[in-house]
Amino acid sequence: MKRLTILGSTGSIGRSTLALVEAAPPGAYAVEALVAGRDVTALAAQARQYDARLAVVAEPSAYGALKEALAGSGISVAAGPAAVVEAATRPADWTMAAIVGSAGLRSTLAALARGGTVALANKESLVCAGEIVLAEAARAGATLLPVDSEHNAIFQALDTKDPALIEKIVLTASGGPFRTAELATMRAATPEQAVRHPVWSMGAKISVDSATMMNKGLELIEAARLFPVPEARIEVLVHPQSAVHGMVQYADGSILAQLGTPDMRTPIAHCLAWPERMPVTLPRLDLATLGRLEFFAPDPVRFPALRLAREALQAGAGAPTILNAANEAAVALFLDRRLGFLDIAAVVEETLGLFGAPDVSGLEAVLALDDAARAEAGRIAARRAAA
Ligand SMILES: NC(=O)C1=CN([C@@H]2O[C@H](COP(=O)(O)OP(=O)(O)OC[C@H]3O[C@@H](n4cnc5c(N)ncnc54)[C@H](OP(=O)(O)O)[C@@H]3O)[C@@H](O)[C@H]2O)C=CC1
Ligand SMILES: CC(=O)[C@@H](O)[C@H](O)COP(=O)(O)O
Ligand SMILES: [Mn+2]
């Protein structure tokens, strides 16, 4: 029996993970801890359904409600950011790190520190603190498995560790809801339009990232952290069908790609069963019905976020931390209708311009930079919104 902890269990990735647990033969998995941000009702229902040992909510004021919701269940209850980290330190064979944003960094590090297997969906922690995350995994002897569909695809297609034999890796992008939209339409885009992803069903923050294509920018940095390939050999191709999730091109001319129905249960199952595979009952990708696979270069004018991420990756040092923090702040303001859609990338660019690429070393310094960049992005956004 595999003991699982799910950080971010009430979100899109968390629910897909629990759906796999539900579909598995009885006794295959046991749930150690479930962690949510503030959705006590969903968390308590999950904890009861999957007989978790511990349920944790990050919002401290939600403690009473969670305790009440789980009264008589025998399930331990805790609240607050420290309890989230504590949950990640409990013994588990496999941890899903699926908290959204750099808020997931400390708990991801705590899960890695135990030296077990961590399935990483929380790409922001790799962007914000890539070196720290990878160093902690190496120090603790932990296994870090990429959940993000493109990175999981590349992980599956990568059959050499020799960087000289890898010509390039390709991340595919759906192009998001504004793939063919005019700039004027994008300027007036509402949160409802931006989160309406054409292919994937995901949380609000990553859906907006897909709409700006910052998601692919974060994924570019994520790929540079995870795979032995320099930035210049990581390519992004818009592929509206989202059937091919990632590709690796080798020195002998071969290209290996991973394809599948766009459903996160497939990459999650790959991480859950790794190094084996497990059966998953999902509609299969039917290429004859799909009929065609298209690939386009991304448009740098309508989607400047991708360029900003590449520049931040090239600049190195604290630049990716600033990019990520400013983006998180700007996306939250956009979702709150306090910033325009096109202003998201503009705020990120201006924040990066102010900070440059400062040297930063150690977790606390990275988190301080994250805080400072968020605050500055908020000021820039307020100025833009008032103009
Ligand atoms: N969804 C997808 O298909 C994919 C997602 N990812 C990545 O996976 C991560 C999760 O995405 P997704 O599931 O879509 O996001 P959701 O918004 O659907 O879920 C986020 C989860 O994190 C919890 N959470 C939010 N803030 C905190 C906090 N401060 N402390 C603890 N828990 C918190 C939420 O709890 P609550 O419900 O209470 O708010 C929820 O459980 C992101 O990093 C995303 O980029 C990567 C590839 C694909
Ligand atoms: C499912 C997944 O991995 C997402 O990150 C997805 O890639 C988002 O779609 P975009 O390709 O539109 O960013
Ligand atoms: Mn992805």
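# A walk through the predicted model

Let's begin with one stretch of chain: residues 4-130 have end C-alpha atoms that lie 24 Å apart, and the span is 43% helix and 22% strand. Helices (H or I, at least four residues) and strands (E, at least two) are DSSP runs, numbered from the N terminus. UniProt lists these residues, 4-130, as "domain: 1-deoxy-D-xylulose 5-phosphate reductoisomerase N-terminal", in an unreviewed entry. UniProt positions are given in the numbering used here, feature names are shortened, and annotations may be inferred rather than shown by experiment.

A few ground rules before going on. This is a predicted model, where local features need pLDDT of at least 70 and side-chain atom pairs count only at pLDDT 80 or more, while totals for chains, interfaces and linings use all residues. Residues are numbered from 1 along each chain as its sequence is written, and chains are lettered from A and ligands numbered from 1 in the order in which they are written.

Now for ligand 1. It has 29 residues around it, the closest being Gly11, Gly37, Asp39, Ala58 and Gly203; to be near, a residue needs its C-beta atom, placed from the backbone, within 6 Å of the molecule. Four elements, α1 (12-23), β2, α6 (123-140) and α10 (204-212), each supply at least two residues of this shell, and α1 gives the most, with three. By class, the shell around ligand 1 holds 14 nonpolar, nine polar and six charged residues. Here Ala, Val, Leu, Ile, Met, Phe, Trp, Tyr, Cys and Pro count as nonpolar, Asp, Glu, Lys and Arg as charged, and the others, Gly among them, as polar.

UniProt's unreviewed entry also puts a "binding site" at Thr10, Gly11, Ser12, Ile13, Gly37, Arg38, Asn122, Glu124 and Gly203. Take Asn122, found in the loop between β6 (117-120) and α6. Asn122 is buried, with 28 other C-beta atoms within 10 Å; buried means 20 or more such atoms, exposed means 12 or fewer, and partly exposed is in between, with C-beta atoms placed from the backbone. Leaving aside neighbours within four places in sequence, Asn122 is in contact with Ala97, Ala98, Ile99, Gly104 and Thr108, where contact means C-beta atoms, placed from the backbone, within 7 Å. Glu124 sits in helix α6 and is buried too, with 29 other C-beta atoms within 10 Å.

Next, ligand 2. The residues around it are Asp148, Ser149, Glu150, Ala173, Ser174, Gly176, Trp200, Ser210, Asn215, Lys216 and Met264. Two elements give two or more residues to this shell: α7 (149-157) and α11 (214-226). The shell around ligand 2 has three nonpolar, five polar and three charged residues.

Another "binding site" in the unreviewed UniProt entry lists Asp148, Glu150 and Glu219. These span 72 residues in sequence, yet no two of their C-alpha atoms are more than 8.3 Å apart, so they gather at one spot. Glu150 lies in helix α7, while Glu219 lies in helix α11. Glu150 is buried, with 28 other C-beta atoms within 10 Å, and Glu219 is buried with 28 as well. Beyond four places in sequence, Glu219 is in contact with Lys123, Asp148, Glu150 and Leu171.

What about α7 itself? Seven of its nine residues are buried, so α7 is largely enclosed by the rest of the structure. Its buried residues pack against β7 (143-146), β8 (166-173), α11, β10 (244-250), β11 (255-259) and α12 (265-273).

Finally, the inside. The largest nonpolar core has 121 residues, and those with the most contacts inside it are Ala55, Ala119, Ala309, Ala326 and Ala330; such a core is a set of buried Ala, Val, Leu, Ile, Met, Phe, Trp, Tyr and Cys residues joined through C-beta atoms within 7 Å. Helix α15 (residues 319-335) provides the largest share of this core, 10 residues.

Methods:
Contact = placed C-beta atoms within 7 Å.
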